[in-house]
Amino acid sequence: MGVTIAPDRWDAFAGLADLAMVLGADAGQARYVGGAVRDTLLGIPVADVDIATSHAPEAVIAKLRDAGIKAVPTGLAHGTVTAVLASGQPVEVTTLRRDVSTDGRHALVAFTDDWREDAARRDFTMNALYADPATGAISDFFGGLADLAARRVRFIGDPLQRIAEDHLRILRFFRFHARFGDAIDADGLNACVARSRDLMALSRERIAGEMLKLLVTSNAVEVVGLMVERGILLSVLPEIDGEGCARLASLALREAAAGIAPDAIRRLAALLPPEASEGVGARLKLSNADRKRLIGATAGTGDEGPRGLAYRVGAAQAVDRLLITGQDPSTVVGWSPPRLPVSGGALVARGLEKGPVVAQALREVERHWVAEGFPDAARVDQLADVVAASFLNSSSASASSTSSGRP
Ligand SMILES: Nc1ccn([C@@H]2O[C@H](COP(=O)(O)OP(=O)(O)OP(=O)(O)O)[C@@H](O)[C@H]2O)c(=O)n1
């Protein structure tokens, strides 16, 4: 027997095997497919599982409902029904398909009961492996197992045709290569270079989604460098300047040295010249929170020290800025900035008049407190005494200078 995935390897997904049986796995009508099979064979943890089935979507819905499994018709035109396991885990169940036509962004599909046809419309050989839920046998129509063993990301059939069907596959090629690849497949690379301008036709959200995933892969630095060198990124991020790859490389080294997980937005911020962040964030339609982080990540650190910075801009943003500027972030990782342990009332109790002067004095106390490294409440009381006294002094001094009529 060749390569198999023992059925108990899927045990982490409670109810998955039952779902597969409901869909006729024991009769060869349902198999696990795609990233879950690829990653399981590579020994990488799997977050979600897709199932391919020869049943039409309506039959899938009926079978799931009969078995009391929640079925959500998430993409019926493409044959996809989402089954929800008792744990809440969603599993996409998609009817075997073949492409009828495509414009590179949207595909029109027809259903089939031919597993090889379904495999033939997928992107890479390593993504077109099916695992039989009951026996564990792997169906490999295009040499995906050999490519997986060689860590070679290879398009199924003609790369140019695969890219014409879905332009996003250019970015997927680099993403999977950056994640798993050893030597890059020359035919695939050449096809991606030749068709790189096709990327401009894609929706910005899809581009952003792929780029952000690519930036956190283990080999992102080298692969992004290759993409810049071969003109691929010019179609997607024309803002990248001559130093972008070097900044990204330095950031990746610092993340590793500090034991901080790679972060896509932080890495994108490093790759771009700071003045481009705002425009890129808007163009790629990033969420407001991500756009804020992207712009803030390169906004500089000031001179208040790492914790002072974290107090001012939040710990996560401080980590971004410190890593990008090459400073040690260890004192702010996992640190929650404390709250100033004194209120305006405490200053009024020391004789200050309610109003703007209290806010001003409070800011002064805070400034000292931050500069001294967030000392405890006893020290803050002393600071409040000193600041209140100095405010009272200066107001009485100005009152007396006004009354004496001197300038
Ligand atoms: N442009 C695309 C996108 C997806 N697929 C197929 O759909 C499967 C699922 O796609 P997706 O969930 O995007 O990727 P995964 O392979 O599951 O990998 P990951 O979740 O790690 O991104 C892929 O394995 C591949 O067979 C494809 O052929 N062409």
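Start at glycine 43, which follows helix H2 and has a positive phi, near 80 degrees. Helices here are DSSP runs of H or I with at least four residues, strands are runs of E with at least two, and both are numbered from the N terminus. The model is predicted: local features need pLDDT of at least 70, side-chain atom pairs count only at pLDDT 80 or more, and totals for chains, interfaces and linings use all residues. Residue numbers run from 1 along each chain as its sequence is written.

Next, select H2 itself, residues 35-42. Its buried residues are Ala36, Val37, Arg38 and Leu41. Buried means 20 or more other C-beta atoms within 10 Å of a residue's own, exposed means 12 or fewer, and partly exposed lies in between, with C-beta atoms placed from the backbone. The cover over these H2 residues includes strand E1 (30-33), strand E2 (50-53), strand E8 (129-131) and helix H5 (144-149).

Leaving out residues up to four places away in sequence, isoleucine 51 touches Ala20, Leu23, Ala30, Tyr32, Val33, Val91 and Val93. Contact means C-beta atoms, placed from the backbone, within 7 Å.

Now show the ligand. Around the ligand are Gly34, Gly35, Asp50, Arg122, Asp123, Asn127, Ala128, Asp166, Leu168, Arg169 and Arg172; the criterion is a C-beta atom, placed from the backbone, within 6 Å. Helix H7 (residues 168-180) gives the most to this shell, with 3 residues.

Two loops come next. Arginine 151, in the loop between H5 and helix H6 (159-165), has a positive phi of about 50 degrees although it is not a glycine. Arginine 151 is partly exposed, with 15 other C-beta atoms within 10 Å. Lysine 285, in the loop between helix H13 (277-283) and helix H14 (288-296), also is not a glycine and has a positive phi of about 55 degrees. Lysine 285 is partly exposed, with 13 other C-beta atoms within 10 Å.

Finally, colour domain 1 (1-149) and domain 2 (344-402), whose bounds come from an automatic or database domain assignment. Their centres, taken over C-alpha atoms, are separated by 67 Å.

Technical notes. Two residues are in contact if their C-beta atoms, placed from the backbone, lie within 7 Å.
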